[in-house]
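The following note was prepared for a colleague who wishes to go through this structure point by point. Please read it alongside the sequence and the coordinates.

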Amino acid sequence: MTPTHLPGRTAIPALPEQTRIPSSATAAATALDDFNSASADEARRLLLACLHSPPWARRLTDHRPYPDAGSLLAAADEAAYDLAPDDLAAALAAETPAALPDDTYSAAHTALSAAYAAYEARFGHTFVICLAGLGPDETLDHVLEGIRSRLANDPEDERTVAADELRRLAGQRLAQSLGSARR
């Protein structure tokens, strides 16, 4: 079908596919707008669901508005790196162990429960690991390998690893709440 020429009107070409805004980006922008315009209490509540650290949530809330989701995620990363040792300990204490898929066999749950208990006895906090990008069939192996290898860490090295995993988890949770993807 050939376009009809209308005198005095200019045809507006369709945008090429690569310049169209994907719906996930639109959703992320809307969620970011909602975050930027939310009350401080509402914004902190959302952030505390991502990482239970009042200083982290307060810092991110106080620096609003963010121009884009990437800026907010970068600020969240930086703020997580800057957590004081007591704030990190409190955030770790609020975490729960990674859940296994429902169809995981019971022996795996037993083995993992024992590994979690050994880890907590050694380091004094819950084992945290970011499972971003893993399929359900990879979760168990990744968690067991992670806990097995990290049990060999000395407490100070493990605190650094746990802080990094917690930072990645917070970023993943925040990205999910904005409706965007994260590493």
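1. Helices, as the term is used in this note, are DSSP runs of H or I of at least four residues, numbered from the N terminus. On that basis Glu-165 is placed in helix 8. The model under review is a predicted one.

2. Overall architecture. The protein contains eight helices and zero strands. Read from the N terminus, the order of elements is α-α-α-α-α-α-α-α. Of its 183 residues, 38% count as buried. Among contacts with a separation of 6 or more, 66% are between residues 24 or more positions apart.

3. The nonpolar core. The largest nonpolar core has 46 residues, and the members that touch the most others are Trp-56, Leu-60, Leu-72, Val-143 and Leu-174. Two or more residues are given to this core by each of helix 1 (23-37), helix 2, helix 3, helix 4, helix 5, helix 6 (106-123), helix 7 (136-150) and helix 8. Helix 8 provides the largest share, seven residues. As a general background, nonpolar side chains in soluble globular proteins tend to be buried together.

4. Trp-56. This residue is found in helix 3. Trp-56 counts as buried because its relative accessibility is 1%, where buried means under 20%. Leaving aside neighbours within four places in sequence, Trp-56 is in contact with Leu-47, Cys-50, Leu-51, Ala-76, Ala-79, Ala-80, Leu-83 and Ala-170. Trp-56 and Glu-78 are separated by 22 residues in sequence, and their C-alpha atoms are 9.5 Å apart in space.

5. Helix 2. Which residues of helix 2 are buried? In this helix, residues 40-50, they are Ala-43, Leu-47 and Cys-50. These residues lie on the same side of helix 2 because they cover an arc of only 45 degrees around the axis. An α-helix has 3.6 residues a turn, so residues three or four places apart point the same way. Arg-45 and Ala-49, on the other side of helix 2, are exposed.

6. The largest pocket. Its volume is about 170 Å³. The lining is made up of Ala-80, Tyr-81, Leu-83, Ala-84, Pro-85, Leu-88, Arg-159, Thr-160, Ala-163, Asp-164 and Arg-167. Helix 4, helix 5 (85-93) and helix 8 (155-178) each give two or more residues to this lining. Helix 8 supplies the largest share, five residues. By residue class, the lining of the pocket has seven nonpolar, one polar and three charged residues.

7. The cavity. How many cavities of 30 Å³ or more are there? The count is one, and the largest cavity holds about 30 Å³ of space. Leu-51, Ala-80, Leu-83, Leu-88, Ala-163, Leu-166 and Arg-167 line the largest cavity. Here too the largest share of the lining comes from helix 8, with three residues. The cavity lining divides into six nonpolar, no polar and one charged residue. Ala-80, Leu-83, Leu-88, Ala-163 and Arg-167 take part in the linings of both the pocket and the cavity.

8. Glu-165. Residues up to four places away in sequence set aside, Glu-165 touches Val-128, Ile-129, Cys-130 and Arg-150.

9. His-109. This residue belongs to helix 6. His-109 counts as partly exposed because its relative accessibility is 34%, and that class lies between the 20% and 50% limits. When residues up to four places away in sequence are not counted, His-109 touches Leu-100, Pro-101 and Thr-104. His-109 and Leu-140 are 31 residues apart in sequence, with a C-alpha to C-alpha distance of 9.3 Å.

10. A cis peptide bond. The bond from Arg-64 to Pro-65 is cis, with omega near 5 degrees. Most peptide bonds are trans. Where is Pro-65 placed? Pro-65 lies in the loop between helix 3 (54-62) and helix 4 (69-81).

Conventions:
Residues are numbered from 1 along each chain as its sequence is written. This is a predicted model: local features need pLDDT of at least 70, side-chain atom pairs count only at pLDDT 80 or more; totals for chains, interfaces and linings use all residues. Side-chain values use heavy atoms; hydrogens and water are left out. On a 1 Å grid over the protein atoms alone, a cavity is a set of points where a 1.4 Å probe fits but cannot get out, and a pocket is an open set with protein on both sides within 12 Å along at least five of seven lines; lining residues have an atom within 4 Å of a point. Grid points are joined across faces, edges and corners, and a volume is the space filled by probe spheres set on the points. Ala, Val, Leu, Ile, Met, Phe, Trp, Tyr, Cys and Pro count as nonpolar, Asp, Glu, Lys and Arg as charged, and the others, Gly among them, as polar. Contact means heavy atoms within 4.5 Å. Buried means under 20% relative accessible area, exposed over 50%, partly exposed in between (1.4 Å probe, protein chains only). The arc is that of the directions from the helix axis to the C-beta atoms. A nonpolar core is a set of buried Ala, Val, Leu, Ile, Met, Phe, Trp, Tyr and Cys residues joined through side-chain atoms within 4.5 Å.
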